[in-house]
Amino acid sequence: MSTTPPSQLQTLLQAHAPQPLQNWIDHTHIQCGAEIQNENPPDPESHTKSDKFLPVTSPHDGRVVSYVPLSGEGDVRRAVESAGRAWEGWSNRTVKDRVQILMNFHQLVIKHADELADLIVLEHGKNRAEALAEIAKGNETVEYAISLPQLIQGKILEVSRGVHCHDVRKPLGVVASVVPFNFPFMVPMWTLPIAIATGNTMVLKPSEKVPLTMSRVMELLRDAGLPKGVVNLVHGTAEAVNHLIDHPDVKAVTFVGTTRIAEIVSKRCRNLNKRVIALGGAKNHLVSSPDCNIEMAAADIVNSFSGCSGQRCMAASVLLTIGSQHDLLDLIVRKASQLTPGSAPGHVGPVIDSNSQEKILRYINEAEQHGAKVLLDGRGWAKERKEGWWVGPTVLVHTDKGDQALRDEIFGPVLSVLECGTKEEAVKIENGNEYGNAGGLFLIALWFDCDMLHGLILGALRCLVACIYTQNGGVAEWFTKRFSAGMIGVNIGVPVPR
């Protein structure tokens, strides 16, 4: 009797014995010294009962793959002090010298891309092709940081006889970066390589849901030649974040996450007069003109709303059709219905955890109860796959502009469709969305300094994307001039640099 060989994911899950993680300080794995709050730590033989842990589960089947410690004030203080000690020596090195280490790191990321992709698939759930693409995308930012010797040169100007003005960029000191679960490698690379290339030192707090990837990256940074203390990592949840923000030696904070938490982080930093950029959520709109290329548009829309299981701030979640476009919707449903669950390239992975799954299903249920028509129902995946947290691609057609699914960030593979009578109506809906446009965003200053891109923001910065599908250049120009989104695409649903 023949048996089916185990998949790559099954082999990975079986081979990965759950082990408690530790913080990374001074190139050393350091046991978390949090207060006694858990009388049954996961590994009592090697960890004292002063440790408090959360289980890290694989979204594919819910099994525990690791345990993440919850850092307290002492743990954060130790990491910040280490970064402070490293700062003087690191900042006194030339930027050319500093980026040599990033060159080594860049090559190590390429060398270990398969290993990092395994960790991302294991702890996050996205398929392997998406994991490898994320690593390549994050490494592009490392390449940008390597080019900083040419980008951050100062200026000298003789403004009057014998009077010269010097424009000099200097590092701030210790900075903190708090990153989300949906891109375990790429989002940390938005800040880490730029911050350290420009002479700062950093304390990174990865998401407690996906701590494995960046724990391994810390070792690669060490192997690349980064000195001790230049980058430290502390695990944990809100308590660790609050201690990082409140520490007087932390000069700037970056955050990526939900809008609600971004606003909390921004206000806490603002109350301390501390530099901060806090990036929140999004509700992105696609607009299909009657003249659009249906085949191209349908394929791109499906990829946009279902890729990475819809767990990306750039994902399309609302399609506004100008007039009735049944052929386009039929093709979207047909293409999306052919997607299958799994971890191989082209598959749709699970969502991150049970809370996320329940939230997505709740939005679908409520939309249906309020009169939305379910053209494609992904709720069956949750019923059929008892292990893990699955939701299949879902397409909803709304008649009520007030439906919450049209307004809120669902963060799942759900596309809400609304028919608009005119192009003016479509633009009004897009521009009227609260994400990125509403009161509550008051951008006071945004500038480059030698530490990283950072801003002083009163309120959280929210992402918003808009896209127009059309074959007419005049239509494309009309929309791009009127969209108020920060990123605009023409015939591309995820308008970010490739």
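Author: Let us start with handedness: a crossing is left-handed if the near helix is turned anticlockwise from the far one by less than a right angle, and right-handed if clockwise. In this predicted model, H4 passes H5 in a right-handed crossing, where helices (H or I, at least four residues) and strands (E, at least two) are DSSP runs, numbered from the N terminus. The contact, which means heavy atoms within 4.5 Å, is made by Ala113, Asp114, Leu116, Ala117, Asp118, Ile120 and Val121 of H4 together with Arg128, Ala131, Leu132, Glu134 and Ile135 of H5. By class these residues of the contact of H4 with H5 divide into 8 nonpolar, no polar and 4 charged, where Ala, Val, Leu, Ile, Met, Phe, Trp, Tyr, Cys and Pro count as nonpolar, Asp, Glu, Lys and Arg as charged, and the others, Gly among them, as polar.

Reader: At what angle do H4 and H5 pack, and how are they placed to each other?

Author: Two packed helices are described by the angle between their axes and the distance between the axes. Axes are lines fitted to C-alpha atoms, for helices over the stretch in contact, and angles run from 0 to 180 degrees between N-to-C directions. Helix H4 (residues 113-123) and helix H5 (residues 128-146) have axes 9 Å apart and pack at an angle of about 120 degrees. H4 and H5 are therefore oblique to each other, since angles under 35 degrees count as roughly parallel, over 145 as roughly antiparallel, 65 to 115 as roughly perpendicular and the rest as oblique.

Reader: Which residues of H7 and H8 meet, and at what angle do the axes of these helices cross?

Author: The axes of helix H7 (residues 186-197) and helix H8 (residues 212-223) cross at roughly 30 degrees and come within 12 Å. That makes H7 roughly parallel to H8, and the crossing of H7 and H8 is right-handed. On the H7 side Pro188, Met189 and Leu192 take part, and they meet Met214, Val217, Met218 and Leu221 in H8. The contact of H7 with H8 has 7 nonpolar, no polar and no charged residues.

Reader: How is the pair H9 and H10 to be read?

Author: Here helix H9 (residues 238-246) and helix H10 (residues 259-271) pack with their axes 10 Å apart, at an angle of about 30 degrees. That makes H9 roughly parallel to H10, and the crossing of H9 and H10 is right-handed. Asn242, Ile245 and Asp246 in H9 meet Val265, Arg268 and Cys269 in H10, and the residues of the contact of H9 with H10 divide into 3 nonpolar, 1 polar and 2 charged.

Reader: How many residues does the largest nonpolar core have, and which have the most contacts inside it?

Author: A nonpolar core is a set of buried Ala, Val, Leu, Ile, Met, Phe, Trp, Tyr and Cys residues joined through side-chain atoms within 4.5 Å; buried means under 20% relative accessible area, exposed over 50%, partly exposed in between (1.4 Å probe, protein chains only). The largest nonpolar core has 52 residues, and those with the most contacts inside it are Phe105, Leu192, Val217 and Met218. Its largest share, 8 residues, comes from H7. Not counting residues up to four places away in sequence, Met218 touches Trp24, Leu192, Leu204, Val231 and Leu233. A second, separate core of 23 residues includes Ile25, Val80, Val234 and Val250.

Reader: Is Ser309 buried or exposed, and where is it found?

Author: Ser309 is found in the loop between helix H11 (294-306) and strand E14 (316-322), and Ser309 is buried, with a relative accessible area of 2%. Although Ser309 is not a glycine, it has a positive phi of about 60 degrees. Phe411, likewise not a glycine, has a positive phi of about 60 degrees, and lies in the loop between helix H15 (404-407) and strand E17 (414-420). At 17% relative accessibility, Phe411 counts as buried.

Methods:
Residues numbered from 1 in each chain as written. Predicted model: local features only at pLDDT ≥ 70, side-chain atom pairs only at ≥ 80, totals over all residues. Heavy atoms only, no water.
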